[in-house]
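Subject: Structure handover

Hello,

Here is the structure I promised to pass on. Please open it beside this email and follow along.

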Amino acid sequence: MKKSTRWATAAAVPVAVIAASIVVPAVSATADVDLPDKTPQQVLALAASSSGASYSGTIEQTSDLGLPDVSARATGGGSSDAAGALELLTGSHTAKVYADGATKQRVQVIDDLAERNVIRDGSSVWAYDSKTKEATHATLPDQGAVEKPSALPDGTAVPQTPAELADLVLSSVEPTTTVTADSDVRVAGRDAYQVVLTPKDSSTLVASATLTVDAETGVPLKVVVAAKGQSDPALSAGFTSVDFGAPAASVFAFTPPADATVTDVTVPTGASGRSEGDAAHAEKTVIGSGWSTIVGVTPAAGSTDGTSSTDADTTGLLDQLTTKVDGGRVLETSLVSVLLTDDGRVFAGAVDASTLQAAVAGQ
């Protein structure tokens, strides 16, 4: 993978991990929605219990991270690897989502005259882009239902569902977070509870995260992440329509078109996230904890040193979005900062650029 492509993809993934966003029709909070009282902790427990639910629905997505809109570059042809990765963070998207328990999921992102799919059926995972006619296939190791359909190697990414985003939010709850109840609401025709999670950590860029949970099933219907000093949501993800019946089995069956370019990838096994003898696998670094956690990826010996040639469009886009600093370049948004070092390492966290640089320098 070219250095510029790896940088752009890595810049996209951490933001998607914090949350891939959505603007949905206004949530209705009226006197007609008056659910039995639950404590914030009971609402969180209800959400945590919904991991095996079955449903299908439509979500609409967008983000406001202070980045320029690169969607025109992403669809303009030519060398668009970097623009395509960053377009996930700046453009608006509509997606169809399907789930049947913990091991069958599909996310279908609808673009102009094209679509992107990530499909999991048991241990088999496919990613397909109809615009590029490229398909990637992976067979997951036998590790239960932990793997996500968006977790294919090499940064394959699609906007995440509210349930996936809620998992990430819930993982940061205690003891770093104040959790409060909010008004009962209606989302996509469903009565729902709301809780607001406010980080206690003053160094994070996250101001709050609002989780909306279906009152009957516990499935997260909407997640909104607010950034400090910004009036509009930085990230949000929510259903505009949802059906809690089990999708047909055919939804999760996929055969690549005859004209598709198919790539098979190997998913690492073992608790460390790497296969035995896999010397070329990148090393992961975690700095700090809670909402200000910084995650870094370091290429292993024998991997590319990042000196591959790059095209002018990709280089120009990265130069536009990043700032040159000692030892690399920094991408700073309202919610996340990414440090791209000259030796190919990538560090990201929901902190400002100076905090990120200082933490990495202290390693």
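**A buried loop residue**

Ser292 is buried, with a relative accessible area of 15% (buried means under 20% relative accessible area, exposed over 50%, partly exposed in between, with a 1.4 Å probe and protein chains only). Ser292 sits in the loop between strand S13 (283–287) and strand S14 (294–298). Helices (H or I, at least four residues) and strands (E, at least two) are DSSP runs, numbered from the N terminus. Leaving out residues up to four places away in sequence, Ser292 touches Asp201, Ser203, Thr204, Ile287 and Val351. Contact means heavy atoms within 4.5 Å.

**Before you go on**

This is a predicted model: local features need pLDDT of at least 70, side-chain atom pairs count only at pLDDT 80 or more, and totals for chains, interfaces and linings use all residues. Residues are numbered from 1 along each chain as its sequence is written, and side-chain values use heavy atoms, with hydrogens and water left out.

**Nonpolar cores**

A nonpolar core is a set of buried Ala, Val, Leu, Ile, Met, Phe, Trp, Tyr and Cys residues joined through side-chain atoms within 4.5 Å. The largest one here has 23 residues. Which residues have the most contacts inside it? They are Val195, Leu211, Val225 and Leu335. Four elements each supply at least two residues of this core: helix H2 (40–48), strand S8 (190–199), strand S9 (206–214) and strand S10 (220–227).

Now look at H2. Its residues Pro40, Val43, Leu44, Leu46 and Ala47 are buried. Seen down the axis of H2, the buried residues fall within an arc of 155 degrees, so they line one face of the helix. The arc is that of the directions from the helix axis to the C-beta atoms.

**Aromatic pairs**

The structure holds four aromatic pairs. Rings of Phe, Tyr and Trp (its six-membered ring) pair if their centres lie within 6.5 Å; planes under 30 degrees apart count as stacked, over 60 as edge-to-face and the rest as tilted.

Take Tyr55 and Phe239. Their ring centres are 5.9 Å apart and their planes stand at 90 degrees, so the pair is edge-to-face. Tyr55 lies in strand S1 (residues 54–63) and Phe239 in strand S11 (residues 235–243), so the pair ties together parts that are 184 residues apart in sequence. Both Tyr55 and Phe239 are buried.

Next come Trp126 and Phe254. Their ring centres are 5.4 Å apart with planes at 55 degrees, so this pair is tilted. It too links distant parts of the chain. Trp126 is in strand S5 (residues 124–129), and Phe254 is in the loop between S11 and strand S12 (261–266), 128 residues apart. Trp126 and Phe254 are both buried.

There is also an aromatic cluster, formed by Tyr55, Phe239 and Phe244.

**Around Ile119**

Ile119 lies in strand S4 (residues 114–121). At 1% relative accessibility, Ile119 counts as buried. Which residues does Ile119 contact, leaving aside neighbours within four places in sequence? They are Gln105, Arg106, Ser124, Val125, Trp126, Val251, Phe252 and Phe254. Trp126 and Phe254 are the tilted pair from above. Ile119 and Lys104 are 15 residues apart in sequence, yet 7.7 Å apart in space, C-alpha to C-alpha.

**Salt bridges**

A salt bridge is a side-chain nitrogen of Lys or Arg within 4 Å of a carboxyl oxygen of Asp or Glu. The count comes to seven.

Lys104 and Asp121 form one (2.9 Å, N to O). Lys104 is in strand S3 (residues 104–111) and Asp121 in strand S4, 17 residues apart. Lys104 is partly exposed at 24% relative accessibility. Asp121 is partly exposed too, at 31%.

Arg190 bridges to Glu216, with the closest N and O atoms 3.2 Å apart. Arg190 is in strand S8, and Glu216 is in the loop between S9 and S10, 26 residues apart. Is Glu216 buried or exposed? At 66% relative accessibility, Glu216 counts as exposed. Arg190, Asp214 and Glu216 are linked in a network of salt bridges.

Arg345 pairs with Asp343, and the closest N and O atoms are 3.2 Å apart. Arg345 is partly exposed at 26%, and Asp343 is partly exposed at 43%.

Best wishes
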